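Here is a short report on one predicted model. Look at the structure first, then read on.

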Amino acid sequence: MYVFSVNAKTKRDIDGFAADSEVPFIIYINFKDLFGAEQLCKLYLIKEGFYDVEIGNRKLIGEKYLKNKKLVAHDKPLREALDSGYTIQLFESH
């Protein structure tokens with residue numbers, strides 16, 4: 001599984017972002033190949049109505065973490081990606 005930090009532009013106003021604004025995301029893709037995971041990441045965002053998708057950072061989540069039941073139980077995006085294949089989260093800084 002890979003986790004990506006991604007910026008993409010929105011075609012319409014959403015969640016406090018005006019149309020054509022750059023929107024930050026954290027995306028989990030449950031796929032073993034980096035190239036394939038990157039392509040899926042872009043396709044999922046395009047499917048949701050975004051464009052000009054740019055992947056900033058990428059990180060492999062090791063098998064030992066994916067098999068850690070306690071970690072997975074407490075990490076909702078990770079759990080969702082394991083169940084459905086991916087998770088898209090609008091990035092919120094605190």
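Start with leucine 45. Not counting residues up to four places away in sequence, leucine 45 touches Val6, Ala8, Phe25, Ile27, Phe50, Val53 and Ile88.

Leucine 45 is one of the buried residues of helix 1, along with Gly36, Ala37, Glu38 and Cys41. What covers them? The cover includes strand 1 (2-10), strand 2 (22-29), strand 3 (50-60) and strand 4 (86-90).

Now the helix itself. Helix 1 has 14 residues, 34-47. At 1.5 Å a residue they should span 20 Å, and the end C-alpha atoms are 20 Å apart, so the two values agree. At the start of helix 1, a side-chain oxygen of aspartate 33 comes within 3.3 Å of the backbone nitrogen of phenylalanine 35. After helix 1 comes glycine 49, with a positive phi near 100 degrees.

Next, the core. The largest nonpolar core holds 15 residues. Phe4, Val6, Phe25, Ile27, Cys41, Leu45 and Phe50 have the most contacts inside it. Strand 1, strand 2, helix 1 and strand 3 each give two or more residues to this core. A second, separate core has eight residues, including Val3, Tyr28, Ile61 and Leu66.

The whole structure has three aromatic pairs. Two of them are set out here.

| Pair | Centre to centre | Angle of planes | Type |
|---|---|---|---|
| Phenylalanine 25 and phenylalanine 50 | 5.0 Å | 80 degrees | edge-to-face |
| Tyrosine 44 and tyrosine 86 | 3.7 Å | 15 degrees | stacked |

Phenylalanine 25 is in strand 2 and phenylalanine 50 in strand 3, 25 residues apart. Both are buried. Tyrosine 44 lies in helix 1 and tyrosine 86 in strand 4, so this pair ties together parts 42 residues apart in sequence. Tyrosine 86 is partly exposed, at 23% relative accessible area.

Definitions and conventions
Residues numbered from 1 in each chain as written. Predicted model: local features only at pLDDT ≥ 70, side-chain atom pairs only at ≥ 80, totals over all residues. Heavy atoms only, no water. Helix = DSSP H or I, 4+ residues; strand = E, 2+ residues; numbered from the N terminus. Expected span 1.5 Å × (residues − 1). Buried < 20%, exposed > 50% of the residue type's maximum accessible area, 1.4 Å probe, protein only. Contact = heavy atoms within 4.5 Å. Polar contact = N/O pair within 3.5 Å; in protein donor to acceptor, adjacent residues only side chain to side chain. Core = buried A, V, L, I, M, F, W, Y, C linked by side-chain atoms within 4.5 Å. Phe/Tyr/Trp six-rings, centres within 6.5 Å; stacked < 30°, edge-to-face > 60°.
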